[in-house]
Amino acid sequence: MIAMYPSFVMDCPDAGVLGRFYAEILGWKVEARDGWADIKPEDGGNCISFQQVEDFKAPSWPGQDVPQQMHLDVMVRDLDEAEAEVLKLGATKPEHQPGTTFRVLLDPAGHPFCLCVD
């Protein structure tokens with residue numbers, strides 16, 4: 001093994017806001033500081049980080065004028081219930097929905113993410 005505990009880092013306009021958004025969805029702890037936020041589960045085995053960048057441009061979904069480059073998929077028990085909860089947290093739902101076993105939503109910074117049941 002060369003490395004362990006991989007972490008994803010997402011660019012965004014406000015690291016604290018986006019960190020709190022995903023921490024709430026996943027039930028993880030958030031640690032935010034100037035321009036950076038980390039979220040981790042209780043066991044600390046995973047980490048997603050958020051980096052504040054100047055002049056951030058949100059991906060354009062479903063177009064590729066500004067490509068999404070990556071997105072998160074999170075598993076849920078019920079699409080309708082999960083969608084309602086993440087919308088309350090500040091997500092938005094684009095009109096284009098390409099599947100039936102998942103829903104594409106946009107986080108508060110405009111990154112696409114999917115709620116998945118399969």
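Before you click anything, one definition: a residue is buried at under 20% relative accessible area, exposed at over 50%, and partly exposed in between, using a 1.4 Å probe and protein chains only. The model is predicted, so local features need pLDDT of at least 70 and side-chain atom pairs count only at pLDDT 80 or more, while totals for chains, interfaces and linings use all residues. Residues are numbered from 1 along each chain as its sequence is written, and side-chain values use heavy atoms, with hydrogens and water left out. Helices (H or I, at least four residues) and strands (E, at least two) are DSSP runs numbered from the N terminus.

**Stop 1: helix 2**

Select residues 79-88, which make up helix 2.

Now colour Leu79, Ala82, Glu83 and Val86, the buried residues here. Look down the helix axis: they fall within an arc of 100 degrees, so they line one face of helix 2. The arc is taken from the directions from the helix axis to the C-beta atoms. On the face turned away from that buried side, pick out the exposed Asp80, Glu81 and Lys88.

What covers the buried residues? Past the helix, click Gly90, whose phi is positive, near 120 degrees.

**Stop 2**

Next, show the open sheet of 3 strands, ordered 5-7-6 with mixed pairing; strands pair if DSSP finds at least two bridges between them. Strand 5 (72-75) and strand 6 are at the edges with a single partner strand each, so one side of each has no neighbour in the sheet. Strand 5 runs parallel to strand 7, joined by 4 bridges, and Leu72 sits opposite Phe113 in strand 7. Helix 2 packs on this sheet, touching strand 6 and strand 7, and its direction makes about 5 degrees with that of strand 6. Angles run from 0 to 180 degrees between N-to-C directions, with axes fitted to C-alpha atoms, for helices over the stretch in contact.

**Stop 3: the hairpin**

Zoom in on strand 6 (residues 102-106): 4 of its 5 residues are buried, so it is largely enclosed by the rest of the structure. Strand 6 pairs with strand 7 (residues 112-116) in the antiparallel sense over 5 bridges, with Val104 opposite Cys114. Finish at Gly110 in this hairpin, where phi is positive, near 95 degrees.

Notes:
Contact = heavy atoms within 4.5 Å.
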